[in-house]
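This briefing is meant for a reader meeting the structure for the first time.

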Amino acid sequence: MRFAARFLILYGSQRGQAQSIAEEICQQAAEHGFTADISCLSNQHKYNVDREIRPVVFVVSTTGDGDPPDTAHKFVRKIKNKSLVHDHFSHLRYALLALGDTNYANFCNGGKTIDSRLQQLGAKHFYATGHADDGTGLEVVVDPWIEGLWDALKKIFSSMSTSNQQSADLSDCTQDNYHKNASGQEKNKSGLEVDLQLLKLSEVDSQKEKTITSDSSDVETLSTALVASLKQSVPPLSESVLNVPALPASYLEVCLEQVSTEGETVPSDKDGYREVSISKAVQLTQDDAVKNAILLELDISEQSIAYQPGDAFDILCPNRASEVEELLLRLDLQTRKNCAVQVNLLKNSTAKVPLHIPQSGSLQFILTWCLEIRSAPKKAFVRALADFTQNGSEKRRLLELCSKEGSADYNSFVRDTNVCLLDLLRAFPSCLPPLSLLFEHLPKLQPRAYSAASSSLQHPGKVHFVFNVVEFPACPEHPARTGLCTGWLADHVSSILRPLGTVPASEHLGTSSQPKVHVRPRPSSTFHLPADPSIPVVMVGPGTGVAPFIGFLQQREKEREANQEATFGETWLFFGCRHKDKDFLFRYELERFALNGTLSHLIVCFSRDEPDAAGTVNRPTYVQHNLRLHAKNVASILLKNKGCLYVCGDAKNMAKDVNDTLLEIIGNELQIDKLDAMKIVAGLREEKRYLQDIWS
């Protein structure tokens with residue numbers, strides 16, 4: 001029996017990363033002699049794993065408290081059906097790449113859930129599972145995993161073509177292949193072992209490797225300052241022979257046509273987005289606060305948008321106009337920005353035109369709304385840019401940054417410093433890439449998600465958001481700039497923005513004068529108040545992490561007013577900020593909740609205020625310190641009263657510290673060791689009584 005070298009790619013993506021990686025695998029397949037079909041897991045009419053005899057590659061992200069992405073929910077429910085027999089998927093040969101972030105609990109759990117269930121039902125790996133960590137850089141695992149996939153596919157197809165026994169267990173031989181391709185393991189920032197390392201490039205296949213030496217005649221003398229930077233390296237890297245990635249094959253042809261495309265303002269395919277007015281914008285912090293926090297009120301009264309406190313909303317934001325203009329100027333395309341863009345595949349290419357690039361949109365429109373020009377260029381992009389760099393020393397430096405030997409420099413000067421394409425083009429003036437290269441490598445411009453900070457019971461027809469204007473100070477790698485969406489929103493509402501406590505002049509303006517924004521609801525599956533109002537809740541939300549809890553408390557206040565005879569459980573809020581008089585967000589509303597009984601306990605700390613006149617020793621600085629002070633109450637709520645704990649805010653520091661404190665509280669209360677405390681906390685997560693809405 002002869003099998004065609006055709007395989008299936010299925011992806012489950014929440015914000016587009018898994019989809020982008022799946023599409024990249026699909027595009028690379030042809031280069032390695034394969035044909036790939038690709039589908040989102042939500043499109044179950046397009047595939048049938050119950051009968052699939054082709055190898056299947058899954059790429060699955062994780063969201064929420066370790067949940068599979070929304071697009072994979074139906075698939076997960078289907079394979080978790082208890083009526084399925086133990087060998088239901090015995091015919092299935094698959095590989096799985098799981099995406100996650102070690103700053104969050106339940107690392108890569110979305111992919112792990114699918115992986116373990118497929119194994120339980122008899123499916124076999126033809127290639128070892130990869131676990132990619134967004135906290136240290138997905139590419140550290142993703143790039144070598146994809147590189148090793150091709151040999152694994154060759155082996156599985158070879159086995160399938162010489163045997164009709166579809167139940168043959170291929171996992172052992174492919175595990176060997178996996179470990180031969182990987183160059184070892186290292187510890188990532190979280191102390192966890194990285195599943196994969198950069199693959200050693202074959203010295204036999206000249207198309208897979210290009211060796212560059214520092215003796216090359218076109219390499220200029222490096223600075224004697226011996227200080228590494230984005231622009232220059234120091235020994236031993238500057239004197240090393242480099243193992244660089246294979247040059248990615250071009251697959252797009254981009255043409256500009258002199259056709260009028262005026263009138264475009266936002267992407268035509270809004271994917272469920274609704275245009276709404278921003279009816280109010282309030283600055284919640286003092287001018288001298290460390291961070292500038294802004295509350296927006298969106299008028300959704302004319303749209304059929306329903307939400308619950310705890311849900312989030314996606315906001316469409318454009319790239320900065322000044323950065324788009326600079327990029328057009330740098331590419332010598334400023335005079336052609338209104339031309340219609342026609343994108344076609346090159347002859348003999350079996351790749352696909354990226355779905356986020358519209359046909360016939362103007363160049364300016366695509367660079368503004370469709371491509372993430374702020375994204376840190378991946379090593380494959382840096383490798384491709386090097387081939388369009390004329391200056392020898394600049395080309396050498398780009399090759400260093402994408403090489404195995406230059407990984408530390410890439411992390412230090414590109415990924416960790418949030419360098420983008422424009423920054424590279426500023427640093428390497430002789431680099432002039434074609435437009436097609438940008439279209440091939442720049443990812444889709446993703447929406448930004450913000451938690452609802454209101455209840456529709458309290459504010460019918462309205463939804464509130466709160467955000468800090470993110471600032472990236474100037475550094476050697478890039479100029480000062482604000483966050484893409486937060487900076488745009490701050491500018492977008494500048495005409496109606498008012499200080500806290502002042503009368504809003506904008507309320508006297510018609511809706512036609514109000515700024516507009518495109519939003520899409522993102523319902524949460526779990527981050528909601530308990531259905532039973534008598535269940536006590538503990539909320540931990542420093543800074544803007546308090547946003548969803550404002551919605552919780554507004555909801556609870558209205559429910560108490562409407563059901564005065566009902567029993568309501570205790571509500572605790574642990575809030576923290578830097579200064580009581582500068583950035584105590586929602587101070588008056590929270591104090592009102594405490595006074596009227598909606599909030600049973602308001603526990604606040606200020607990390608940068610001076611000690612009070614009494615000179616309090618060891619005063620609480622952060623929310624976890626106050627949790628310790630109230631350890632008995634917290635433990636009683638969670639362990640005796642079956643209450644719920646909600647945490648919202650920063651993942652890298654606060655959420656980890658709160659989790660460690662919770663382990664300590666439970667360990668002390670139950671007089672158990674840390675391992676047993678971890679099991680208790682895992683049980684709280686499993687019961688959806690320890691819930692997180694955190695971001696890195």
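Predicted model: local features only at pLDDT ≥ 70, side-chain atom pairs only at ≥ 80, totals over all residues.

Leaving aside its neighbours within four places in sequence, Pro433 is in contact with Leu331, Leu385, Phe388, Leu425 and Leu438.

**Around Pro433**

- Pro433 lies in the loop that runs between α11 (421–427) and α12 (435–441), and with a relative accessible area of 5% it is buried, because a residue counts as buried under 20%.
- Although Leu331 and Pro433 are 102 residues apart along the chain, their C-alpha atoms are separated by 7.5 Å, and Leu331 is also one of the residues in contact with Pro433.

**The parallel sheet**

**Strand β21 and its partners**

- Strand β21 (residues 571–577) runs parallel to β22 and is joined to it by 6 bridges; among the pairs, Leu573 has Leu602 in β22 as its bridge partner, while Cys577 has Phe606 in β22.
- Strand β20 (residues 537–540) also pairs with β21 in the parallel sense, over 4 bridges, and here the bridge partner of Met539 is Leu573 in β21.
- The path of the chain from β20 to β21 goes through α14, and this β-α-β crossover is right-handed; the path from β21 to β22 goes through α15, and that β-α-β crossover is right-handed as well.
- Of the 7 residues of β21, 7 are buried, so the strand is largely enclosed by the rest of the structure.
- Both faces of β21 are covered, with Thr571, Leu573, Phe575 and Cys577 buried on one side, and Trp572, Phe574 and Gly576 buried on the other.

**Helices α14 and α15**

- The crossing in which α14 passes α15 is left-handed.
- On the α14 side the contact involves Ile550, Leu553, Gln554, Glu557 and Arg560, which meet Glu589, Leu590, Arg592, Phe593 and Asn596 of α15; the residues of this contact divide into 4 nonpolar, 2 polar and 4 charged.

**Backbone details in loops**

- Most residues other than glycine have a negative phi, and most peptide bonds are trans.
- Phe586, in the loop between β21 and α15, has a positive phi of about 55° although it is not a glycine, and with a relative accessible area of 11% this residue is buried.
- Asp332, in the loop between α6 (321–330) and β13 (340–345), likewise has a positive phi, near 60°, in a residue other than glycine, but Asp332 counts as exposed at 65% relative accessibility.
- The peptide bond from Pro235 to Pro236 is cis, with omega near 5°, and Pro236 is found in the loop between β7 (211–212) and β8 (242–243).

Key: Residues numbered from 1 in each chain as written. Heavy atoms only, no water. Left-handed = near helix turned anticlockwise from the far one by under 90°. Helix = DSSP H or I, 4+ residues; strand = E, 2+ residues; numbered from the N terminus. Contact = heavy atoms within 4.5 Å. Nonpolar A, V, L, I, M, F, W, Y, C, P; charged D, E, K, R; others polar. Pairing = 2+ DSSP bridges. Buried < 20%, exposed > 50% of the residue type's maximum accessible area, 1.4 Å probe, protein only. Right-handed = clockwise from strand over helix to strand, strands pointing away.
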